[in-house]
Amino acid sequence: MSNPVIGTAKRAAVRVVKPLVGPRAWARLKGAGPTPAAPPVARRTPPKPKQPELTAAQRRRRELQAMSLTDLAQHFGTDKHGLHFYTVHYQRHLEHLRGERFTLLEIGIGGYVKQGRGGASLRMWKFFFPKAQVIGLDIEDKSFVRAPRIDTYQGSQVDPDVLERIVAEKKGPLRVVIDDGSHRPEHIRETFRLLFPLLEDGGIYAIEDTQTSYWPEWGGSEDRHDPTTTMALVKDLVDGLNHEEYVDESYVPTYADLHVVAVHCYHNLVFIEKGSNTEGTNRRAVLKQRYAETPETPAP
């Protein structure tokens, strides 16, 4: 059934339009159907910009940064692998910092046999930690070791002014300290006393070559219970981890007691982790008879 509205519209078009357009145009209009849709335009994906070729120095830097710490030690010739076997332990304890920005301080730059040598381990650290500032402290002038992201200071590892100046001038949180200095227990103990409080929470303090604890020729002692050695310090730190369990409530915790949260010992190498060592204790609840008539001492 035809639509009367459409029929009326067509008749109106014949009366109005036909006289205006002429016979040929009218014929084209009568035969024209709906205008076909334009075909979709294919979008061309722009070509990816060509990456510039790496220079030889850039390729070398990438290769070094991809190496394990042991490979880097062998590449740069540091005795942290070979004479010693420290790198596998360092990688285990420091791997989580590899992409972080922080300051690493190593005491002892090395290279004392021949003039103009040293800095092998600083270069190793530079490529293992591609965003870190690496600082070396040595009693001798090792300024020739300086390079981008490697700085050096001259001075004694037990000079508080030097240590405080390094921390004041550092380019990022002091998160790793490595004592590879004189190896003499009296120096190791004093350096730890001065420097551990300047280490950031979450930082790691490493002491190398603790074998000198047992060598009298290096300031150690044949007496394994001598309280002046490096390992005596380490043993005290382990006790201090549990300072809240001491039954002597008059004991005043040391700074190390309150801030050493873990101690990891390996052959001639120790790692000390810093944080807040105040988890609390249940000793009064368990040892009720001991403390029955003793009021609780407030925590410091």
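At 25% relative accessibility, Arg-149 counts as partly exposed, a label for values between the buried class (under 20% relative accessible area) and the exposed class (over 50%), with a 1.4 Å probe and protein chains only. Arg-149 sits in the loop between S2 and strand S3 (150–154); helices (H or I, at least four residues) and strands (E, at least two) are DSSP runs, numbered from the N terminus. Although Arg-149 is not a glycine, its phi is positive, at about 70 degrees. Asn-268 also has a positive phi, of about 65 degrees, without being a glycine. This residue lies in the loop between strand S6 (260–266) and strand S7 (269–274), and Asn-268 counts as buried because its relative accessibility is 15%.

The model is predicted: local features need pLDDT of at least 70, side-chain atom pairs count only at pLDDT 80 or more, and totals for chains, interfaces and linings use all residues. Residues are numbered from 1 along each chain as its sequence is written, and side-chain values use heavy atoms, with hydrogens and water left out.

Taken as a whole, the chain has 11 helices and 7 strands. Of its 300 residues, 39% are buried. Contact means heavy atoms within 4.5 Å; among contacts between residues at least 6 apart in sequence, 63% join residues at least 24 apart. The accessible surface comes to about 18,700 Å², and carbon and sulfur atoms hold 54% of this area. Such areas come from the Shrake-Rupley method with a 1.4 Å probe, and for residues only the protein chains shown count as cover.

Arg-149 leads on to Val-134, one of its contact partners. Val-134 belongs to strand S2 (residues 133–138) and is buried, since its relative accessible area is 0%. Leaving aside neighbours within four places in sequence, Val-134 is in contact with Leu-104, Leu-122, Trp-125, Lys-126, Arg-149, Ile-150 and Asp-151.

Next come the charged pairs. A salt bridge is a side-chain nitrogen of Lys or Arg within 4 Å of a carboxyl oxygen of Asp or Glu, and the count by this rule is 8. In one of them, the side chains of Lys-80 and Asp-180 meet at 3.3 Å, N to O. This pair links distant parts of the chain, 100 residues apart: Lys-80 is in the loop between helix H4 (69–76) and helix H5 (87–94), and Asp-180 is in the loop between strand S4 (174–179) and helix H8 (185–195). Lys-80 is buried, with a relative accessible area of 1%, and Asp-180 is buried too, with 15%.

Lys-80 also forms a salt bridge with Glu-208, whose closest N and O atoms are 3.1 Å apart. Here the link spans 128 residues, from the loop between H4 and H5 to strand S5 (residues 204–208), where Glu-208 lies. Both Glu-208 and Lys-80 are buried. With Glu-106 included, the residues Lys-80, Glu-106, Asp-180 and Glu-208 are linked in a network of salt bridges.

A further salt bridge joins Glu-249 and Arg-284, with the closest N and O atoms 3.0 Å apart. These partners are 35 residues apart, Glu-249 in the loop between helix H9 (230–240) and helix H10 (255–259), and Arg-284 in helix H11 (residues 283–286). Glu-249 counts as buried at 18% relative accessibility, and Arg-284 is buried at 19%.

Helix packing comes next. Two packed helices are described by the angle between their axes and the distance between the axes. The axes of H8 and H9 come within 8 Å and cross at roughly 35 degrees; axes are lines fitted to C-alpha atoms, for helices over the stretch in contact, and angles run from 0 to 180 degrees between N-to-C directions. On the H8 side, Pro-185, Ile-188, Arg-189 and Phe-192 meet Thr-230, Ala-232, Leu-233 and Leu-237 of H9. Helix H8 also contains Glu-190, which is partly exposed at 26% relative accessibility.

Finally, Trp-215 lies in the loop between S5 and H9 and is partly exposed, with a relative accessible area of 37%.
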